[in-house]
Each structure stands twice: as C-alpha cells, then as structure tokens.
Amino acid sequence: MRNLDQYNITQAVIARLAQTPDPRLKQVLTSLVQHLHAFAREVKLTEAEWAYGIDFLTRVGHTCDDQRQEFILLSDTLGLSMLTVALNNDKPKGCTEATVFGPFHVEGAPQFEHGADVANGAPGQPCTVRGSVRALDGTPVAGAVIDVWQADAEGKYDVQRDDLVHAQGRGVLRSGADGRFHFQSVVAEPYPIPDDGPVGEMLRATKRHPWRPAHLHFRIQAPGYQTLVTHVFRDGDPYLDSDAVFGVRESLVANWVQQPDGSYSLDFDFVLNPASAQAPPLTRSTEASPTA
Ligand code: BEZ
Ligand code: FE
C-alpha cells in the first residue's frame, strides 16, 4: 500500500479497520474516518489550520482536571451534547423532555425533607418550588429520587466558590405517596459558562456569548422508569433563544410567579417514560466537585 493520494487514502484507512472484532467500534471508527476526511476535503484544510486544530485540542485537554471538563464544554458549545441527548431521548408525547446534564451536578448531595430550604444560605430571592412526578397515564410515581441543583443570584454554583465548605443550591428529595414534592430555594439567574479557556476563545472568535438562561436542574430516578435529566427554564429570560449550549426546549420553560410578599413560586410537573429501553445510568466518574 504505497503512493496513497487524496483520492484513495480514505478507503485505505477504512480497509485497515476491517479486522476490528467489536462491530460497533468498527462502525463508529469507519464513519468517523469517512466524516473527518470529508470535512478536510470540503474545507480544503491547510497544514497551518490542521496544526492550529491540534494545538487547540491540546489546550482543551490541558484545561481539564478533576474540577473542570473543557472537552464537555466544547461538546456542549458545538451542540454535540444536545444532539446526543436528543438522539437518545426520543420519548412518547407527553413525557417531560430531556436536556443537557451539565458539569455542575454532584453525586451524593445532601438529602432534604419536603419543605426544606435547599439554598442553604445561597444568595437570592426566596422561591418555593412545587411539583409532581407522574407516569404517562397520570399515575403518581412515589419515592422517586429527585436531584435538584442550581446557580444562585450571582450566577454561581456552590462548586464554583472556593470558600464554601457545604452544599448550597443543591439537594436530593423523594416524591411522596401522591408523587408530589416541594422545597424552598432561591430564584435561579442566568450565568455564563466558564469562558476563560480555549472554549471561551472559540466563543469570542465567533462573536458568541457564553450565557445560559436561568434554569433549575433536575435528575429524577425511579424504578421502572427511564432516568430523566432535564432543566426548568425561567420564562422571560433574555437568553432563552441563544443558550450557549443549545439546551432550551419550549416545553421546559415555566413561569416563576412573584407573590404579594415579594418571594417567588414555581410549579412544574414531570412525566417519566417507562424503562423499556433504559439507557445506562447517567453519572460521571470525574464528579468530585467540578466547576466546569
Ligand atoms: C449547566 O447548565 O450547568 C451547564 C451546561 C453546559 C455547560 C455548562 C454549564
Ligand atoms: Fe446549569
């Protein structure tokens, strides 16, 4: 196999994958090579651009540590994370839509009883959150494990504050026998994704902003149902139509209603999909206390 040129090198690389024993690995790598080569041909990639790309990805890697995952931010800002969510969460009509997991979830957050204040000192305007977890036919789902996490009034997650020694704006609750739950917190505010690394450089080079519209994160797990990872977005937020990570779904936008005493309330009902085609549980191994 000599004298490979721009016309036959793709087939030569694909042929080299022929003995891959795992059929899925073979399929994914073959397609990756085809698309990578097609991309290089389409834009007629220069050697300087190839070198820049290698340097960019190297810097993305060097920006990653236990606290920060720049590759996931890159995937998020290129829409690949949301595309993967969409491809794998094609649920029946009526089920709550899924969206990106994001990097700020912490496994093993404090457990709370209904009515407790999960803000735990986080700055912000008080807010009561009430909701229910149900099946598609309306049956309440009792004992669902509800993880909630959010940014505070300054647009920060607790894990982004070096001085904090306890969790703020996150917790785990269980739905009651009627499928319902409620807790106190603070109103979520919009925030910029971390943009002090190579991903921020890409956003600036393309005149994009790093902001996410205000949202509350939920992960809801119950036996017999597909785990739901989603957000509830705040209606009226200026970034709903330009989310830096493309995560907004119209069905997930809700009204934070101001009460006569100045506090807010949010009501949102979640509908779970039966677990017939359950994907593996969604957790990250590098989940100590990520900040990006
Ligand atoms: C988040 O919503 O927490 C998030 C999602 C993607 C990138 C950065 C943050
Ligand atoms: Fe978030």
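Of the 292 residues in the protein chain, 44% count as buried, a term that stands for under 20% relative accessible area with a 1.4 Å probe, protein chains only. The model is a predicted one, in which local features need pLDDT of at least 70 and side-chain atom pairs count only at pLDDT 80 or more, while totals for chains, interfaces and linings use all residues. Residues are numbered from 1 along each chain as its sequence is written, chains are lettered from A and ligands numbered from 1 in the order in which they are written, and side-chain values use heavy atoms, with hydrogens and water left out.

Next, select residues 9-63 as domain 1 and residues 70-277 as domain 2, bounds that come from an automatic or database domain assignment. The centres of these two domains, taken over C-alpha atoms, are 34 Å apart, and their contact (heavy atoms within 4.5 Å) takes seven residues from domain 1 and seven residues from domain 2.

Now turn to the area buried between them, about 620 Å², of which 74% lies on carbon and sulfur atoms; this is the accessible area (1.4 Å probe) that two parts lose on being put together, summed over both. On the side of domain 1, select F56, V60 and T63, which lose the most area to domain 2 and together make up 66% of what that side buries.

Finally, show the side chains of E201 and R59, which meet in a salt bridge at 2.9 Å, N to O, where the term requires a side-chain nitrogen of Lys or Arg within 4 Å of a carboxyl oxygen of Asp or Glu. Between domain 1 and domain 2 the count is one salt bridge.

Conventions: Buried < 20%, exposed > 50% of the residue type's maximum accessible area, 1.4 Å probe, protein only.
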